[in-house]
Amino acid sequence: MLEEKVEARIEAEAKTEEMLDKMLEGVKKRSRTSKCGECGKKLRLLMEHKCKCCGLYCVRHKYPEDHSCTYDYRDDMQRKLTKENPKIIGEKLTKI
Ligand SMILES: [Zn+2]
Ligand SMILES: [Zn+2]
């Protein structure tokens with residue numbers, strides 16, 4: 001909790017990105033540092049975007065088409081389709 005407060009103060013005081021990064025480095029050493037899985041940009045708490053593939057991405061890479069997303073959206077769609085199609089589920093169940 002305290003760490004977050006310090007971080008917020010530093011963010012308010014820092015005038016440039018570079019300055020902020022340097023200032024945060026000292027504070028953040030023990031806390032987790034999250035980076036964008038695509039461009040490696042350091043992410044601050046409010047800038048994190050978690051994707052369905054469990055990766056963290058910056059604003060520019062938050063969409064699956066903007067990073068090499070490993071989440072199987074086709075599989076997800078198929079599951080949705082099978083939900084709407086009880087017949088297919090029945091077939092699968094009898095096979096298993
Ligand atoms: Zn990024
Ligand atoms: Zn993803």
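Author: In the loop between β3 (49-50) and β4 (56-57) sits C54; strands here are DSSP runs of E with at least two residues, helices runs of H or I with at least four, numbered from the N terminus. This is a predicted model, in which local features need pLDDT of at least 70, side-chain atom pairs count only at pLDDT 80 or more, and totals for chains, interfaces and linings use all residues. Residues are numbered from 1 along each chain as its sequence is written, while chains are lettered from A and ligands numbered from 1 in the order in which they are written.

Reader: What is the phi of C54?

Author: Its phi is positive, about 75°, although C54 is not a glycine.

Reader: Is C54 buried or exposed?

Author: Count the other C-beta atoms, placed from the backbone, within 10 Å of its own: 20 or more is buried, 12 or fewer exposed, and in between partly exposed. C54 has 9, so it is exposed. Across the protein, buried residues make up 7% of the 96 residues.

Reader: In what order do the elements run?

Author: From the N terminus, the order is α-α-β-β-β-β-α-α, giving four helices and four strands.

Reader: Why does α1 count as lying largely in the open?

Author: Because zero of its 12 residues are buried. In α3, the number buried is likewise zero of 12, so α3 lies largely in the open.
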